[in-house]
Amino acid sequence: MRVAKVFSEVLGVSPDSISDATSPDNTPQWDSMAAMNLVVAIEDEFDVRLSTAEIVSMRNVAIVKKVLTAKGVADA
């Protein structure tokens with residue numbers, strides 16, 4: 001799962017620890033700086049551009065996948 005790979009690299013955690021429920025509320029590494037780095041990494045990995053509304057909505061991994069799917073990413 002490419003999303004888990006991106007999150008694990010940016011947050012410095014094991015890909016196995018990333019689930020759909022992973023969020024800033026249960027992942028101390030996901031702070032404001034990490035959030036900005038995640039946006040850049042997601043845009044680069046999936047070759048998409050995220051709107052401010054999309055970025056603000058992405059409060060857990062499941063929502064990130066949903067946003068990517070809506071942008072036509074098939075293998076998130």
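Predicted model: local features only at pLDDT ≥ 70, side-chain atom pairs only at ≥ 80, totals over all residues.
Are Phe 7 and Trp 30 buried or exposed? Both residues are buried.

1. The aromatic pair. When the whole structure is searched, one aromatic pair is found. Its members are Phe 7 and Trp 30, arranged edge-to-face, with 5.2 Å from centre to centre and 65 degrees between the planes. Phe 7 belongs to helix H1, whereas Trp 30 sits in the loop between H1 and H2, so the pair ties together parts that are 23 residues apart in sequence.

2. The packing of H1 and H2. Two packed helices are described by the angle between their axes and by the distance between those axes. Here helix H1 covers residues 2-11 and helix H2 covers residues 32-46; they pack at an angle of about 140 degrees, and their axes are 10 Å apart. An angle over 145 degrees would count as roughly antiparallel, and 65 to 115 degrees as roughly perpendicular; H1 and H2 are therefore oblique to each other. Their crossing is right-handed.

3. The residues in that contact. From H1, the contact is made by Arg 2, Val 3, Lys 5, Val 6, Phe 7, Val 10 and Leu 11. From H2, the residues taking part are Ala 34, Asn 37, Leu 38, Ala 41, Ile 42, Glu 45 and Phe 46. Sorted by class, the contact of H1 with H2 holds 10 nonpolar residues, one polar residue and three charged residues. Phe 7 thus has a place both in this contact and in the aromatic pair.

4. The buried side of H1. The buried residues in H1 are Val 3, Ala 4, Val 6, Phe 7, Ser 8 and Leu 11. What do the buried residues of H1 pack against? Their partners are H2 and helix H4, which spans 61-70. Just after H1, Gly 12 adopts a positive phi of about 70 degrees.

5. Ala 4. This residue lies in helix H1. Ala 4 has a relative accessible area of 6%, and because a value under 20% counts as buried, it is classed as buried. With neighbours within four places in sequence left aside, Ala 4 is in contact with Pro 15 and Ile 18. Ala 4 and Val 61 are 57 residues apart along the chain, and their C-alpha atoms are separated by 8.2 Å.

6. Ser 23. The loop between H1 and H2 contains Ser 23. Ser 23 is buried, with a relative accessible area of 7%. Not counting residues up to four places away in sequence, Ser 23 touches Trp 30, Arg 59 and Asn 60; of these, Trp 30 is also a member of the aromatic pair. Ser 23 and Val 61 are 38 residues apart in sequence, with 6.7 Å between them in space, C-alpha to C-alpha.

7. Ala 35 and Val 40. Ala 35 is partly exposed, with a relative accessible area of 28%, and Val 40 is partly exposed, with a value of 45%. Ala 35 and Val 10 are 25 residues apart along the chain, and their C-alpha atoms are separated by 9.0 Å. Val 40 and Val 10 are 30 residues apart in sequence and 9.9 Å apart in space. Val 10 is itself one of the H1 residues that make the contact with H2.

8. Glu 43. Is Glu 43 buried or exposed? Glu 43, which is found in helix H2, is buried, with a relative accessible area of 14%. Leaving aside neighbours within four places in sequence, Glu 43 is in contact with Val 48, Arg 49 and Leu 50.

9. Asp 47. Most residues other than glycine have a negative phi. Asp 47 is not a glycine, yet its phi is positive, at about 55 degrees. Where is Asp 47 found? Its place is the loop between H2 and helix H3, the latter covering 52-57. Asp 47 has a relative accessible area of 68% and is exposed.

How values were computed. Residues numbered from 1 in each chain as written. Heavy atoms only, no water. Axes fitted to C-alpha atoms, helices over the stretch in contact; angles between N-to-C directions. Helix = DSSP H or I, 4+ residues; strand = E, 2+ residues; numbered from the N terminus. Parallel < 35°, antiparallel > 145°, perpendicular 65-115°, else oblique. Left-handed = near helix turned anticlockwise from the far one by under 90°. Contact = heavy atoms within 4.5 Å. Nonpolar A, V, L, I, M, F, W, Y, C, P; charged D, E, K, R; others polar. Phe/Tyr/Trp six-rings, centres within 6.5 Å; stacked < 30°, edge-to-face > 60°. Buried < 20%, exposed > 50% of the residue type's maximum accessible area, 1.4 Å probe, protein only.
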